[in-house]
Amino acid sequence: MRPAIGVTGLGAMSALGTGVRAIVDAMREGRDGLREMERLDLRALHPIRFAGWLREPWVRGEPASLAAWAGAAAREAWDDASADSSSVRPERIAVVVGTSLGDEGAATKVAEAVCEATGARGLRCTITTACASSTNAIGLGRDLLLEHDADLVIAGGAEKLVAQIFGGFAALGVLASEKCAPFGETMGT
């Protein structure tokens, strides 16, 4: 019989706000994080400019980057799990992050930021399999635990809306003409 694998901590930064609480509160209140895009001028790619993007000013002193955001979310998850760094050797803590492009093509910086935020010094890996990147990262994290290649895994995903991602969805013709949601009537993304 395989040992149980469990999620012990959560962390997030999203268009709904900073922290898991912001996401839970938005879901309870029926709010979405879609707003008119102001950070990038994407009108040449698509007439509709709705996007889920992090609008809050970054006040932690680091540059507003995907790596900094991923590090903050990982730290929240670490704290939520009440993880004690002395209970697991840092060399046995793996980090697996999924991202499509990373921040201006620097996908590996995300895993490095998570390691810095949590003190993890084990295997670090970045998965880049388009929309499935985060799911694949979590699956690989599970496999590392089951195979005893790590005692603890910090796994998840991070993405920053950049013109290339928006342009790719526009080229595929899958951008919705108005706000949409899973299982909603509006088709697209």
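Tutor: One term to start: buried means under 20% relative accessible area, exposed means over 50%, and partly exposed is in between. Keep in mind that this is a predicted model.
Student: OK, so is D79 buried, exposed or partly exposed?
Tutor: D79 is partly exposed, because its relative accessibility is 46%.
Student: What does D79 form a salt bridge with?
Tutor: R75. The closest N and O atoms are 3.1 Å apart. Both residues lie in helix α2, 4 residues apart, or about one turn of the helix. R75 has 31% relative accessibility, so R75 is partly exposed too.
Student: How many salt bridges does the structure hold?
Tutor: It holds 10. One of them joins R121 and E91, at 2.2 Å from N to O.
Student: Where do R121 and E91 lie?
Tutor: R121 is in the loop between α3 and β6, and E91 is in the loop between α2 and β5, so the pair ties together parts 30 residues apart in sequence. R121 counts as exposed, at 51%. E91 is partly exposed, at 38%.
Student: Which residues are linked in a network of salt bridges?
Tutor: D32, R35 and K179. Between R35 and D32, the closest N and O atoms are 3.5 Å apart.
Student: New topic. At what angle do α2 and α3 pack?
Tutor: About 40 degrees, with their axes 8 Å apart. The two helices are therefore oblique to each other. The crossing is right-handed.
Student: Which residues make the contact?
Tutor: Among them are A70, A74 and W78 of α2, and V110, A113 and A117 of α3. By class, the contact has 9 nonpolar, 2 polar and 2 charged residues.

Conventions
Residues are numbered from 1 along each chain as its sequence is written. This is a predicted model: local features need pLDDT of at least 70, side-chain atom pairs count only at pLDDT 80 or more; totals for chains, interfaces and linings use all residues. Side-chain values use heavy atoms; hydrogens and water are left out. Axes are lines fitted to C-alpha atoms, for helices over the stretch in contact, and angles run from 0 to 180 degrees between N-to-C directions. Angles under 35 degrees count as roughly parallel, over 145 as roughly antiparallel, 65 to 115 as roughly perpendicular and the rest as oblique. A crossing is left-handed if the near helix is turned anticlockwise from the far one by less than a right angle, and right-handed if clockwise. Contact means heavy atoms within 4.5 Å. Ala, Val, Leu, Ile, Met, Phe, Trp, Tyr, Cys and Pro count as nonpolar, Asp, Glu, Lys and Arg as charged, and the others, Gly among them, as polar. A salt bridge is a side-chain nitrogen of Lys or Arg within 4 Å of a carboxyl oxygen of Asp or Glu. Buried means under 20% relative accessible area, exposed over 50%, partly exposed in between (1.4 Å probe, protein chains only).
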